[in-house]
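The points are grouped by topic, with residue names given throughout for use alongside the structure.

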Amino acid sequence: MNALTINQQWETFALLEHMARDDNVRVVIWTGSGDRAFNVGADLRGDRTIHMPKHIREKYLERNMGPIKGNFVLNNQTKAFWDFPKPSICAVNGMAVGGAANIVFCNFHDLVIVSKTAQFFYPFPKLGFTPELSSSFIIPRIVGFAKAKEMMFLGERFDAEDALRLGLINKVVEPQSLMSEAMKMAEKLVHFHPDALRFSKKIINQHVRNELDSILEQEQEAILASLAATGGPPNVGKWMKKKEAW
């Protein structure tokens, strides 16, 4: 299933740059391959395969365009999506877990259309992690603090209709209609002047974007503190099993 592997992260930066520069690209639609999962979040298997040549990666990193080792909040990728100047539509075709759910909900994209079969959940407490990718700031301001804590603390699954009711997405459709509905949305957007959309997106994002560095820095500090205190996924799993035996 799709996961936030190191290679996927590098390829995402390359796509964002290419699409930003290409005047023929007016609107972007992002989706996952297959129908089981949009993305299952962090690659806990640790696949380090990278297809992008090293010299190109070094040039990207000089411009803060690339993943940073040990940075759990995907600092550069989060800001790259926020700064992408063109309309971006997210078409969610299956499960979105943890950081992938945040990519759906936390303004990485401008419009979000979701299959009825999609489900979301945050497994952070079971792993020793804390909210990331700006979700500690964004999610409470969409759904309220109480609901955000319920989502992040309890790690219970919720579906597409729940996400729509909470104001996290724009539309729910039948699975077989997902991409056609996303294309209809894109076709509406290309009728508008690209600069009008670009400046509208920029000013809507700007007020939070001004604080994004600080938000991500604090999230990274919280994750590192939690991992140090809990020992991370293996130790948290052992602790929970031990607790169940009490």
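Predicted model: local features only at pLDDT ≥ 70, side-chain atom pairs only at ≥ 80, totals over all residues.

**The segment before H1**

- Leu4 is placed in the segment that precedes H1, and with a relative accessible area of 10% this residue is classed as buried, because the limit for that class is under 20%.
- Between Leu4 and Ala14 there are 10 residues of separation in sequence, and their C-alpha atoms are 15 Å apart in space.
- Thr5 also belongs to the segment before H1, and its relative accessibility of 14% puts Thr5 among the buried residues.
- A polar atom in the side chain of Thr5 is found 3.0 Å from the backbone nitrogen of Gln8.

**H1 against H3**

- Helix H1, which covers residues 6-21, and helix H3, which covers residues 75-83, have axes that come within 11 Å of each other and cross at roughly 25 degrees; since angles under 35 degrees count as roughly parallel, H1 is described as roughly parallel to H3.
- The crossing of these two helices, H1 and H3, is left-handed, and the contact is formed by Gln9, Thr12, Phe13 and Leu16 on the H1 side together with Asn76, Gln77, Ala80 and Phe81 on the H3 side.
- Sorted by class, the residues in the contact of H1 with H3 comprise 4 nonpolar and 4 polar ones, with no charged residue taking part.

**H1 against H2**

- The axis of H1 and that of helix H2, which covers residues 54-62, come within 12 Å and cross at roughly 65 degrees; because the range from 65 to 115 degrees counts as roughly perpendicular, H1 and H2 are assigned to that class.
- H1 and H2 cross in a left-handed sense, and the residues that meet are Trp10, Phe13, Ala14 and Glu17 from H1 and Arg57, Tyr60 and Leu61 from H2.
- The contact of H1 with H2 is made up of 5 nonpolar and 2 charged residues, with no polar residue among them.
- Phe13 is listed in the contact of H1 with H3 and is listed again in the contact of H1 with H2.

- In general, most residues other than glycine have a negative phi.
- Leu133, although not a glycine, has a positive phi of about 55 degrees; this residue sits in the loop between helix H5 (124-127) and H6, and counts as buried at 1% relative accessibility.
- Ser134 lies in the loop between H5 and H6 as well, and here too phi is positive in a residue other than glycine, with a value near 80 degrees.
- The relative accessible area of Ser134 is 0%, and Ser134 is therefore buried.

**H6 and its neighbours**

- Helix H6 spans residues 135-143, and its buried residues are Ser135, Ile138, Ile139, Pro140 and Val143.
- The helices against which the buried residues of H6 pack are H3, H4 (99-105), H7 (145-154), H10 (194-209) and H11 (212-230).
- Ile142 is a further residue of H6, and its relative accessible area of 33% makes Ile142 partly exposed, because that class runs between the 20% and 50% limits.
- Leaving aside residues up to four places away in sequence, Ile142 touches Phe105, Leu166, Gly167 and Leu168; for Leu166, which is 24 residues from Ile142 along the chain, the C-alpha atoms of the pair are separated by 7.4 Å.
- Just after H6 comes Gly144, which takes a positive phi of about 95 degrees.

**H6 against H7**

- H6 and H7 pack with their axes 7 Å apart and at an angle of about 125 degrees, which means that H6 is oblique to H7.
- The crossing in which H6 passes H7 is right-handed, and its contact involves Ser135, Ile139, Pro140, Arg141 and Val143 of H6 with Phe145, Lys147, Ala148, Met151 and Met152 of H7.
- In terms of residue class, the contact of H6 with H7 consists of 7 nonpolar residues, 1 polar residue and 2 charged residues.

Conventions:
Residues numbered from 1 in each chain as written. Heavy atoms only, no water. Axes fitted to C-alpha atoms, helices over the stretch in contact; angles between N-to-C directions. Helix = DSSP H or I, 4+ residues; strand = E, 2+ residues; numbered from the N terminus. Parallel < 35°, antiparallel > 145°, perpendicular 65-115°, else oblique. Left-handed = near helix turned anticlockwise from the far one by under 90°. Contact = heavy atoms within 4.5 Å. Nonpolar A, V, L, I, M, F, W, Y, C, P; charged D, E, K, R; others polar. Buried < 20%, exposed > 50% of the residue type's maximum accessible area, 1.4 Å probe, protein only. Polar contact = N/O pair within 3.5 Å; in protein donor to acceptor, adjacent residues only side chain to side chain.
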